[in-house]
Amino acid sequence: MELFTSTLNQMIFLFALIVIGYLVAKLGAVPITASGVLAKLENNIFIPALVLTTFLKGFTVDTLQNAWRLLALGSGIVLALIPITKLICKRVTKDPYIQRIYTYGLVFSNFGFMGNAVVLAVFPQYFADYLIFTLPFWTVIYLVGVPRWLIPNDSEEKKTTLKSNLKSFLNPMFVAMLVGMIFGLVFSMADVSLFPSDGSKMHPLVQVIDVAGSCMSPIAMLITGITIAGYPFKKMLSNVGIYVVSGIRLLIYPLITLGVFFLLKPLHIPEYMVVCTVCLMSMPLGLNTIVIPSAYGKDTSVAAGMALVSHLLSIATIPLIFMLLQNFVL
C-alpha cells in the first residue's frame, strides 16, 4: 500500500502541473505556441541535463553489464507490440489516418516526459536502467514511428531516407547519455564522486547541470497542459475510440505485462528489468501524435483527446498497476 500511496501522490502532483499548464494557456496568460518553445528547452537542455546527471551519478560497471539485457528486452517488447497493435487498431477504426495515430499511441506511450518523471520519483534507483531500456523504443520511433505513422502519406517527407532518419540520433539526449556513460564509468572506477554526499559543495558547473535536470518533470507536465488547451473539450472527447485505446494502453497492456512476469516469477528475473518494463507499459498516450501531424495541417483533435483522457485516467491506473507490481510480482 505504501507504493500505491507514494505513486498516487506523485501522479496528483504531476497532474496538478498539467492543469496549471492548461489553465494558463486557456486564460491567455501564455500563448498556445509556448508549448513549442518549452518543448525545445525540454529536449535541448532539461532532459539532456537530467540524463547526463543520472549517468554521471549511477553508471557503473554493474550498470554496463546489465545494459545488454535491458536492450534485448526493450527490443523484443517493441517488435512484439507493433504487429499486435496494428491488428487491434484495425478493429477499433477503419480510418487509415486514425489507425496510424492509434498504433503510434499504443506502441509508444508517454515513456519519455511522463515516464521519466514517474520513474525518477518512484523508482530513482532504476532510472539509469530505464533510460537504457527505452533506447530500442526511441530507435523504432525515429526509423518507423514518426516517418511512417505520424507524417502524412501525401507529404514530401515520406521520401525521407534511412540516412536522414539515422541523423536524428545525433540529438542532445543521446549525446548526453553517451557522455554520461563514458565519464560516469571512468569516475566510478576511479572512485571519484561529482555529487558528494558528505554535505560539501559540488562544483558550480556540476550544480548547474543538476539543477537544470530537476526542471525536466515540471516543464514536461506544463507542456502537456498547454498543448491540450489548444483543443475544445467537446471535440476531443466525442470519439469513442479514444476511450478504447486509453483502456488498452493503461490497463490491458500493463496487466498482461504483470501477468507474464507473475508466471515467470520462478525464473527470478532481475527486479530492474521487471520495474523498467512495467513502468513503460503503464504510461499514458504521448504527445507526438498531436505535435507532429499538426505541423502538416492534419486534424489532431482525436490525438488531443487521447492525451487528455489517458493522462487523466493514469492518475488512478498507474498507482494501481504499481501496487499490483509490489504485491504480486516483486
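Let's start in a loop: Ser 109 sits between helix H4 (96-107) and helix H5 (113-122). Keep in mind that this is a predicted model. Ser 109 counts as buried because its relative accessibility is 6%, and the cut-off for buried is under 20%.

So who are its neighbours? Leaving aside residues up to four places away in sequence, Ser 109 touches Arg 249, Leu 280, Met 283, Pro 284 and Gly 286.

## Where H5 meets H11

Follow the chain on from that loop and you get to H5. The axes of H5 and helix H11 (residues 216-228) come within 9 Å and cross at roughly 145°. The crossing of H5 with H11 is left-handed.

On the H5 side, Phe 113, Met 114, Asn 116 and Ala 117 make the contact, while H11 brings in Met 216, Ser 217, Ala 220, Met 221 and Ile 223. Sort the residues of this contact by type and you find seven nonpolar, two polar and no charged.

## The cysteines

How many disulfides are there? The count comes to zero, going by sulfur pairs within 2.5 Å. Take Cys 276: the nearest cysteine sulfur belongs to Cys 279, and that is 6.9 Å away. Cys 279, in turn, has the sulfur of Cys 276 as its nearest, and Cys 279 is in no disulfide either.

Are these two buried or exposed? Cys 276 is buried, with a relative accessible area of 1%, and Cys 279 is buried with a value of 1% as well.

Terms used: Residues numbered from 1 in each chain as written. Predicted model: local features only at pLDDT ≥ 70, side-chain atom pairs only at ≥ 80, totals over all residues. Heavy atoms only, no water. Helix = DSSP H or I, 4+ residues; strand = E, 2+ residues; numbered from the N terminus. Buried < 20%, exposed > 50% of the residue type's maximum accessible area, 1.4 Å probe, protein only. Contact = heavy atoms within 4.5 Å. Axes fitted to C-alpha atoms, helices over the stretch in contact; angles between N-to-C directions. Left-handed = near helix turned anticlockwise from the far one by under 90°. Nonpolar A, V, L, I, M, F, W, Y, C, P; charged D, E, K, R; others polar.
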